[in-house]
Amino acid sequence: MYNYPSDQARDHDKDFPFYQYPKIIDGFSLNGDRQANYDRSQFQWLDPAQEKKLLNGNIQLNLDSGFNTRIPRLEREERLDYMLQWILHNREKFEKDFGSDFICYRGVLRKIMCIPYERNEGLIIRAMKWRNTVFLCEEPTKEKKNKIPTEKELRFSYWGYKFEDYMMTSRTSQNQNSESQSEERLNENTEFNCVFRTKLGKYRLLFIAEMDGYYSADKNTPQQTAAEKGAPSELKPSHFVELKTSRQIEHPGQDRTLRKFKTLKWWTQCFLVGTENVLVGWRDDDGIVHSGTKFPVKSLPKSALEWKGNVCANILLQVLEFLSKTIQENSLTRVWRLEWFPHQGFQLKVETDGTEPFLAAWFHSNI
């Protein structure tokens, strides 16, 4: 019988644990077919002129423009493949060990942090230990696998991509005004990702996270595209900004939803990678953005309703500690499965159904 971590917020409401400021050690791109390119072709500058118009309320962005001609996100199970491919591409750095206690995507860490406040969605994490490092890979729950997104959900998702499209210099014309829109088909598959190293408590973390826009050193001068100008040689976490869209606030219930649910997700997402600002475009029900607000990430817990940042960080530390102490054996065949569902708590077991290990031969045989 395992001594599982508590999933109750009150049990984690204690001093904030040590979290080392994250360091970006590399960046890479996913092209329109979601293939990894080890370059910065998808790196994007935030357009300071667009930001100024947004914050001054002097803008009109139609997020629904181009929805019917978009190139949709490819839906396939990607497991931990991009992380493993990046390690192989940089195998000379990992001849002896991985220099990490845990390797994963940011999304796994963020979802663990939200568990004390999650009431609807479960979480399944597959884990394998090799070369004294625990690899974590999220598996979609049965409900998520069987869910077919509605057109409304697809449209909301597209609106997020389109907002980024408007706000970045690498995707929009620098002469674009508030009435014009990019005519190029928007491809929902492209990404720029950063690879981070950090520590939570004593545990060394190596993870990948998709990143949005990057602030220019001179915020008054629009940057050229990444292809023309080139991304900075050293990427700094604090220079990235997270872009979000949200329904404009018109009554107290909407404000409560924002501060209870949305800002929790925004804060955990940004905290892990050292992003200092969230730029929000306020939209109406038709997907029109007329104004925006820039929220300092450190201010989000101060205005939060019913969630605390220290609780999120402490439960993540407790779950990592539990996995570290429980998974002792290095094995390329043994896969552990940590499940959590609301009102049920944690459950850990070893997979015995013959499911293929996610550390596949193409990875471990070539490093």
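View 1. Among contacts (heavy atoms within 4.5 Å) between residues at least 6 apart in sequence, 77% join residues at least 24 apart. What you're looking at is a predicted model, where local features need pLDDT of at least 70, side-chain atom pairs count only at pLDDT 80 or more, and totals for chains, interfaces and linings use all residues. Residues are numbered from 1 along each chain as its sequence is written, and side-chain values use heavy atoms, with hydrogens and water left out.

**View 2. D285 pairs up with R247.** Here's a salt bridge, meaning a side-chain nitrogen of Lys or Arg within 4 Å of a carboxyl oxygen of Asp or Glu. The closest N and O atoms of D285 and R247 sit 2.6 Å apart. D285 is in the loop between β11 (277-283) and β12 (288-296), while R247 belongs to strand β10 (residues 240-247), so the pair ties together parts 38 residues apart in sequence. D285 is exposed at 54% relative accessibility, but R247 is buried at 18%. (Buried is under 20% relative accessible area, exposed over 50%, partly exposed in between, with a 1.4 Å probe and protein chains only.)

View 3. K145 meets E139 in a salt bridge, closest N and O atoms 3.8 Å apart. K145 is partly exposed at 48%, whereas E139 is buried at 10%. Both belong to a salt-bridge network that also links R126, R337, E339 and E351.

**View 4. R334 with E329.** This salt bridge spans 3.6 Å, N to O. R334 is partly exposed at 34% relative accessibility, and E329 is partly exposed too, at 45%.

Conventions
Helices (H or I, at least four residues) and strands (E, at least two) are DSSP runs, numbered from the N terminus.
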